[in-house]
Amino acid sequence: MTATLNRPETGTGRVVWFTGLSGAGKSTLASALRDDLAARGVAVELLDGDAVRENLSKGLGFSREDRDTNVRRIAFVAGLLAKHGVTVLVSAISPYADTRREVLSALPHPTEVFVDAPLEVVTERDVKGLYLKALAGDLPHFTGVSDPYEAPETPDLHLRTDQISVEEGIRQLLAHLGYGA
């Protein structure tokens, strides 16, 4: 995967793909980055994994095949938007490394952001109690517990959200994307 570290030329979009466990902070960071970029006049769109699953991938389960189909659908939409000059922020667990590599390699100006927090931290953040149910064996196919999550080995940016604030994460994202802080 080749990542563009500087802001793309006018009229050229990009895809910033946030991956990590549920509760790691993907949606929080992507939403804050969207707001910042929009305030700067950047054409930006957020594709949140939960919203996409509800509206574009309804009916898919949590098998490997269904998860990969969901990720490929998100990437297809992200690619279309980026080809029309939009900066697309994707917030999706996308648990399988080979599928992430596949879709990112086909996207314009991709940036992979690993939003990382340990299992004990995301379990504490989980207001729905899904991690506790999964850890007790009551929730099958839960990523990071009963289903695998394959962390990126060489992400373009690695944000440890148990060690930094949202503001610091946005500062690092903006700097990495070429917007300064």
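Which residue forms a salt bridge with arginine 34, and how far apart are the closest N and O atoms? I looked this up before anything else.

**Entry: ground rules.** I am working with a predicted model, where local features need pLDDT of at least 70, side-chain atom pairs count only at pLDDT 80 or more, and totals for chains, interfaces and linings use all residues. I number residues from 1 along each chain as its sequence is written, and my side-chain values use heavy atoms, with hydrogens and water left out.

**Entry: arginine 34.** The partner is aspartate 35, and the closest N and O atoms of this salt bridge are 3.2 Å apart. I count a salt bridge when a side-chain nitrogen of Lys or Arg is within 4 Å of a carboxyl oxygen of Asp or Glu. By that rule I get 10 salt bridges. I then checked accessibility (buried is under 20% relative accessible area, exposed is over 50%, partly exposed is in between, with a 1.4 Å probe and protein chains only). Arginine 34 comes out partly exposed at 29%, and aspartate 35 is partly exposed as well, at 44%.

**Entry: aspartate 36.** Next I found aspartate 36 in a salt bridge with arginine 40, with 2.5 Å between the closest N and O atoms. Aspartate 36 is partly exposed at 22%, and arginine 40 is partly exposed at 37%.

**Entry: helix H3.** My helices (H or I, at least four residues) and strands (E, at least two) are DSSP runs, numbered from the N terminus. Helix H3 covers residues 64-83 and holds both arginine 64 and aspartate 68, which sit 4 residues apart, about one turn of the helix. Their side chains meet in a salt bridge at 3.1 Å, N to O.

**Entry: proline 155.** I found proline 155 in the loop between helix H6 (130-135) and strand S5 (157-160). Setting aside neighbours within four places in sequence, proline 155 has contacts (heavy atoms within 4.5 Å) with Glu112 and Phe114. I also took the C-alpha to C-alpha distance from proline 155 to leucine 33: 18 Å in space, for 122 residues in sequence.

**Entry: the record.** UniProt, in an unreviewed entry, places "domain: APS kinase" at residues 13-159. I keep in mind that UniProt annotations may be inferred rather than shown by experiment. In the model, this span is 43% helix and 18% strand, and its end C-alpha atoms lie 23 Å apart.
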